[in-house]
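Please have a look at it before I go on.

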Amino acid sequence: MTLLAGAGIGVLETGEQGFDAAERDLWVTSGETRITSAGGGGFENTLYNSRNLSAEMEAHEDVQHAIPLAFDTVYVSTNHSDEFHTFVATGVPGGGPVVQITEGEGIQGDTHYANGTYEGEMTREVVIDKETADSLNISTGDTVNIGGSLAAARQNQFTIVGISPTFERMLGTPTVTMPLSELHQVTGTTQTEPATFITITIEDGASVNTVQKDLEEAYPEYEIRTNQEQLSAVLQEQVLLLAAAGALVLLAIGSGIALTISLLSLVIHQQRQTFAALTAQGISRSLLVSTVIGQGFIIGLIGGAIGILLTVPAVSIFNRLAAAIVGFEGLLQTAPWIYGTGLGIAVVVGTIAAATAGWRISRTPPLELLH
Amino acid sequence: MAGAVTSIKDIDSSSPIVTARNVTKIYKRGSEPGLIGRILGRSEPPTVHAVDSVSLEISSGEIVGLAGSSGSGKSTLLHLLSGLEQPTAGTVSFQGTDLTTLSARERTRHRLENIGIVFQRFHLLDSLSARANVALPLVELGVPKSERRKRATELLERIGLEDRITHRPGELSGGEQQRVAIARALITDPALVIADEPTGELDTETGRTILEEFKQVAENRTIVLASHDQETLEICDRVIQLRDGAIANRRTQEIRP
C-alpha cells in the first residue's frame, strides 16, 4: 500500500517538477492536451500556426518570451544500420538554459526558419538523452537519420552535438531534441506549424495572473494555464489512467484489510480452545477480548513496521528500475505521512479484526470448543 | 495399589466440599424438529444419558479419581462438579451453595474464585510468557501487577520452572507446558482442583513426574481427577468407577494407604 501510494504521489510530484523545471510561467494550448498513443509517447500537437501566434503573444508588454514547443513521433536510424526506431522528437526554437546539457553542446538556434520562411540553412544538429544514446549505441559526434516518414528519415542526416536529460524526464520516454523548424521540416508540417504548447515567460516583476487574464481575453479560443493548472489539465484528461491508479490503490487497501482480517481470524481461531479453556477457568469475556485486541494491536504494529522497513529498499529498487527503463527519477516518493498512514491502517485494521474475532469466540460456549 | 473396598456412605461427610445428589445429564443427538418437522411427523432426537443419577460427596483435602472407559461420563461429571455445565436433573452443591441456582455469570465467578482446572491439553496463550499465562486469572481478580508477578514466579519456582519463567509456550516441552497449566490452575488458591486426563498428552515417565509434582504443589487441596489410566489414578485417595454414566456398583476403591 505504501508503495502504491508512493507511486501516486511520485507521479504527481514528478509531473509538477517537470513543469516547474521548464521554468515557464504560462502554458498555451488548443483544446485537450492529450498524451498520444502513437510512437513512443508525448503529446498531440493541436495548436496550429504556432509561430505567428507566439509572436503575437510575445508582443504583450509583460511577456518576455513566447516559445512554441512541439513533440512529434519520428523515425531514427544510425548511419551504421538500416533499422529504424520510433522516438519522440522535441522541437524547440533554440537551446538556452531550458535544455540542460550534461555532455557536449546544446542546439545553437533555429536558423532554418528565417523571416517567415523555411529557407534558412538547417543546423542539422540534435541533442539526445543518455538512454537513446545507450540504446542506439551512439554518442556525441555521431550522425543519425531522422524523419517523420521512412523516406524523410533516409534523406535527413543530423549530427549529435550533446546529451540532455531534460525532455526525457519531462515525457518519461527517450527523446531527440532538435530545432523546431527542422522538426517541422522533417515531418512535413511547415505549412501548419503545429505545436503542443506555447510556453510563456513573463517579465520580472509582472503578475502571472494579470498576464494570464489578458491573454485569455485576447485569445479566448486557447487555454492559458499556469504550471499547476497545466499539470492538472493533463492529468484530468487521463481519466482512465487515474481511475485505474485509484482502483489499484483501493484494491491494495482492500486486499490488505482482507488479508489482515483473515490472518488474525486464523490466529484467533487456532487459539479458540485455549480461550474456551480460559473461559472455563472463569476468565471473563472482556479480559479475553482485551487479550485478543492486544495480540491484534501487536501483530498490526509488527506487520506495519515490517511493511515500512521493506518499503524503503523497495522504493529504492523501483526508482532505479523506473529511471533505467522510462527515464523518470524519483518516480516513487514516500513522504513520512504515507508511512504513518500505512502503519496506522495496519494497527487499526489489526486491532478491529482481532476484536471482532475475539468477540465471536467469546460468545461461543466453552464446552462447544473443548469437546 | 490394592485397598479396602468401601461404600460411598463410609466416606467422612462431615465437611463435604462438593456434593452431587442424583445428578443426571442428558444430551440430545441432533436437533429438535421444527414446526414443519413436527407436522411431517419427525420424531424427537434420541437422547444419551452422559451422567445417570450420580450421587457422591467429596470431602475437603481428598484426591478423588474418576475412572472409566471413553464415553463413561468422566468429563461430563467433572464439568457438572465444577459448574461448567448444569445438570438436567439433580443438584450439585459447593460448600453448601447449590450451583444449579446460580446464573452463568455467577458460576463463572465461582469457578474463578474456587476452582482450578487442568486440561489434557495445556491451553496456554502462545503470545504470553509462562509467568503471564500463570498470572492471567489474577488479572481477572484485580490483583495488582507486582503481586501477580510475585505469586506467579513463586508458584513456577515451586513447580521447578524457575529457569523457564519468561519463556513462551513454544519454547517449553510438553511436560513444562503442563506444569505451567497446573500453576495457572493453582494461582488463585482454589479449594477444588479438577483435572481431566492431565497426563494424556505426556509420556509415561513425564506423566508420573508431573503427577507427583502436582500432588505436592496442590498441598492438601481437594482434587478430582478423571483418567482412564490406572497409573495416573494411583495418586488418588479413592477412585470412583463410572460405566455408562453411572457409578459402577456404587462403590469406591480405597487406593492410598
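Since I will be quoting pLDDT, let me recall that it is the predictor's confidence in each residue, on a scale from 0 to 100. What we have here is a predicted model, and in chain A the average pLDDT is 79, with 82% of the residues scoring at least 70. Within chain A, the lowest confidence falls in helix α1 (residues 2–21) of chain A, with a mean of 63, whereas strand β7 (residues 157–163) of chain A has the highest, at 91.

Now to the interface, where chain B contributes 22 residues to the contact and chain A contributes 19 residues. Between chain B and chain A an area of about 1700 Å² is buried, and carbon and sulfur atoms give 64% of it. On the chain B side, the residues that lose the most area to chain A are B:His123, B:Leu125 and B:Glu140, which together account for 31% of what that side buries.

What polar links do we find across this interface of chain B and chain A? There are seven residue pairs in polar contact, both residues at pLDDT 80 or more, but zero salt bridges.

As for which elements of chain B touch chain A, those giving two or more residues are α3 (104–114), β7 (115–118), α4 (130–140) and α6 (174–186) of chain B. Of these, α4(B) gives the most, with four residues. By residue class, the side of chain B that touches chain A divides into 11 nonpolar, five polar and six charged residues.

Note on methods
Residues are numbered from 1 along each chain as its sequence is written. Chains are lettered from A and ligands numbered from 1 in the order in which they are written. This is a predicted model: local features need pLDDT of at least 70, side-chain atom pairs count only at pLDDT 80 or more; totals for chains, interfaces and linings use all residues. Side-chain values use heavy atoms; hydrogens and water are left out. Contact means heavy atoms within 4.5 Å. Buried area is the accessible area (1.4 Å probe) that two parts lose on being put together, summed over both. A salt bridge is a side-chain nitrogen of Lys or Arg within 4 Å of a carboxyl oxygen of Asp or Glu. A polar contact is a pair of N or O atoms within 3.5 Å; within protein, one must be able to donate a hydrogen and the other to accept it, and residues adjacent in sequence count only if both atoms are side-chain atoms. Ala, Val, Leu, Ile, Met, Phe, Trp, Tyr, Cys and Pro count as nonpolar, Asp, Glu, Lys and Arg as charged, and the others, Gly among them, as polar.
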